Each structure stands twice: as C-alpha cells, then as structure tokens.
Amino acid sequence: MVASVSKCRVCREPAIIDLPRHNANFCAEHLLQLCRRQVEKAIADHDMLSLDDRILVAVSGGKDSLAIWDILLELGYRAEGLYIGLGIGDYSDESGGYAQRFADERGLTLRTIDLRGEYGYDVPTAAKVTKRVPCSACGMSKRHLFDEAARAGGYDVVVTGHNLDDEAAVLFGNALRWDVEYLARQLPVLPARDGFPKKVKPLVRLTEREMAAWCIVRGIDYQVEECPMAVGNKHLGYKEALNSIERQSPGSKSAFYLNFIERMAPILASHSRAAAGELVACSSCGAPTTEPDSGDAPVCGFCRLRGRVAGHDPVPVELVLHGGARTAYRAARLAAGSAASPGATADGRTAQ
Ligand code: AMP
Ligand code: FES
Ligand code: ZN
Ligand code: ZN
C-alpha cells in the first residue's frame, strides 16, 4: 500500500496500491478493473472458458480461489465451488469455514468433500504412513477429487486459483532440474482428455499481492495462514528467490512465466504429445490411469494411496512437522487462541 500522495494512474484520485511491475499506482476501483482485465485476457488468450460452461471452482478458503470465484461470477460465468477437507487440523477447519461463509453470504453452491469422512484417511496420516512430504499425498488427493467431482457433477471445466507467483515458482523448480516432462505440461489450460475434465488457471497473469488486495477491497474474508505442512518447503523457497529478483528488477517474474508460456511452451508441446500414453480405467474407482506393465488390473495412484493409508489412526499435524514448521505452527495456534498443544490430536476435523 502507498502513501496518500500517490495518485491512481487512471483517474488521478488517491491510490491504495503501488504495482512496481506496472510502474504505476491504482485506486480501489482501477485495481479491480486491472484484475478483471487480466483475468479476461487470460481466458481469451488460452480459450479457457465460455459463458455457457458449467464451472467448478476448487476453493481452498484462501485469497486466490475465493477471488477467482468472485471475479468469474462478476464476469457473468456460471460457477459453483468445491472444498476438500484435507484433515490438516485446525487449519483445515478454519479454511473450510472461510469457503462456506463466502458461499452462504452470496447464496452460492459449495460442494464439500471430507477426505477422512469419505475416504478413510487425511493428509497428515498419509504423510506419516508413506514417509513422503505431505504435499505429495495432498496434491494427488486434490487432483483426483477435483476430477472425480467434475465428472460426477457434469461440470465442463475445473478452475483453480493458481496465480502468477505459484506458476512462476513451479516453473523455476522445473527449470532448475530441466524437468522436460513437467515443463511440457506446465500450461494454464489442460484440455479435457480420456475422462479427465478440462482444467484452467485464470489467475496466471495476477500476483498474490494483487489477489490479497482484491479480497480486501471486495470485503472477502479469507484464510491468511499458509498451510502448516508447507512451511519451509522448496516451493516457498522458490517464491522467496523470485521475489528477491522481482524487487531488484520489477517485471522479471511475469516475464519469466508469461514468456515461457508464449515462446517456450509451444516448442515443448510436441514432446508432451509424444509422452502422452494410452489410459485405461482404474479397476477400483473407474478414473483414467496408465496401464500397468505387469498385466495386473490397473489401479490409479489415488486408490493405491487410499489402500495403503485408510484405516490408520489419525496422526496429529504436529507429528509430521519438522523444525521451523513445527515452531511456526505452534506460534500460529497460540496467536489464534487455539487449544492446540504438543499432544493435541487432529480430531474434530472438517465435517462439511
Ligand atoms: P495450493 O496448492 O494450496 O497452492 O492451491 C492451489 C489451488 O488449488 C487453490 O487456489 C485452489 O483452487 C485449489 N485448492 C487448494 N486446496 C484446496 C482444497 N482444500 N479444496 C479445494 N480446492 C483447493
Ligand atoms: Fe496440501 Fe498443505 S495444502 S500439504
Ligand atoms: Zn483510479
Ligand atoms: Zn482409482
């Protein structure tokens, strides 16, 4: 936010935010206009959505997904929400509350899925049992449930709130490893394919800071805390690295990502097509999955994970946090006045 002497680039009224990458300041009204226009441009450039699509917005209760739901409705799209309770202790309960209140206050439809209630496991327990980082089970479960909910509900497209900071950080990580498979698939639109719904990211031209400002101006209350399981992970490190470059050289982050999409992604597209193998139906849930070499019945990654983890007793969030993440989690719980203690269990989780 800026000193009151700064003026909006468009109307010369007092500005509420400075955006160095645009080399300009904006008042509330023209900040909203800028955000709307960037979303419209992303949708048009990548043929993301049409006005008669039935859209399912994956809402986490954070600023980005609530903002994109709000923006799409403003622009006249038909969008309903989906919240997944991942069982990450108080964080999930609170996040679900923000999503539900947003929907209730506007009379919108929010579908909810509770991972433990409906599938018998949660993210902390999956992390403990698989001995992998929580985000791995979390990402796999979310992707599967977004797809399944879209298929079951007859939606044309799934929208997620991934923004420019998210996408640039993922691109940075993939480029550090020159992971061509992932680079080839890192697009703002994944077309529908073999039973997978179309998936789009209309916020790729907007930053976290712009989305926070959208929510503040529009009076949208959102989960401010980061997921406690993500604290200290590589993705957040990449974001910090890019922010440091951006401070030195405003506009670098958007040039890095948007020029990749414009110039590099088309070159990689042929690679992606060659890599896309045939898919078959999972013998357990029917979701599309790759055919096993062994000749066994095909089982998708989600069903394999569920088979391994379901039935294990819930593991408290704190048990799967390490070092700084655990300290940050305790501090946040104390600040929120929660009763969480070192021995607290992750029970009483989201039950939408
Ligand atoms: P994240 O991976 O947490 O950065 O989230 C990226 C996007 O995934 C969000 O903007 C949402 O669109 C979606 N998402 C994340 N968590 C959830 C959740 N618990 N339920 C539904 N959608 C989610
Ligand atoms: Fe998935 Fe944190 S939201 S591990
Ligand atoms: Zn203005
Ligand atoms: Zn399956």
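**Close-up 1. D194 in the loop between β7 and β8.** In this predicted model, D194 is found in the loop that links β7 to β8 (198-200). The phi angle of D194 is near 45°, which is a positive value in a residue other than glycine. Is D194 buried or exposed? D194 counts as exposed, because 11 other C-beta atoms lie within 10 Å and the cut-off for that class is 12 or fewer.

**Close-up 2. K131 in the loop between α5 and α6.** Here we move to K131, placed between α5 (123-130) and α6 (134-153). K131 is not a glycine, yet its phi is positive, near 55°. With 7 C-beta neighbours inside 10 Å, K131 is therefore classed as exposed.

Close-up 3. Strand β4 (residues 78-85) runs in the parallel sense with β5, and 5 bridges join the pair. Look for I84, which stands opposite I113 in β5.

**Close-up 4. The shell around ligand 1.** How many residues surround ligand 1? There are 14, and the closest are A58, S60, I84, T160 and G161. The elements giving two or more residues to this shell are α2 and β4. Of the elements, β4 gives the most, with 3 residues. By class, the shell holds 6 nonpolar, 5 polar and 3 charged residues. I84 links this view with the previous one: this residue is among the closest to ligand 1 and stands opposite I113 in β5.

**Close-up 5. The crossing of helices α7 and α10.** Two packed helices are described by the angle between their axes and the distance between the axes. For α7 (residues 164-176) and α10 (residues 234-248), the axes come within 9 Å and cross at roughly 105°. That angle makes α7 roughly perpendicular to α10, because angles of 65 to 115 degrees fall in that class. Which residues make the contact? From α7 come D165, A168, A169, F172 and G173, while α10 brings K234, H235, Y238, K239, A241 and L242. Sorted by class, the contact has 6 nonpolar, 2 polar and 3 charged residues.

Terms used
Residues are numbered from 1 along each chain as its sequence is written. Chains are lettered from A and ligands numbered from 1 in the order in which they are written. This is a predicted model: local features need pLDDT of at least 70, side-chain atom pairs count only at pLDDT 80 or more; totals for chains, interfaces and linings use all residues. Axes are lines fitted to C-alpha atoms, for helices over the stretch in contact, and angles run from 0 to 180 degrees between N-to-C directions. Helices (H or I, at least four residues) and strands (E, at least two) are DSSP runs, numbered from the N terminus. Angles under 35 degrees count as roughly parallel, over 145 as roughly antiparallel, 65 to 115 as roughly perpendicular and the rest as oblique. Two residues are in contact if their C-beta atoms, placed from the backbone, lie within 7 Å. Ala, Val, Leu, Ile, Met, Phe, Trp, Tyr, Cys and Pro count as nonpolar, Asp, Glu, Lys and Arg as charged, and the others, Gly among them, as polar. Two strands pair if DSSP finds at least two bridges between them. A residue is near a molecule or strand if its C-beta atom, placed from the backbone, lies within 6 Å of it. A residue is buried if 20 or more other C-beta atoms lie within 10 Å of its own, exposed if 12 or fewer, and partly exposed in between; C-beta atoms are placed from the backbone.
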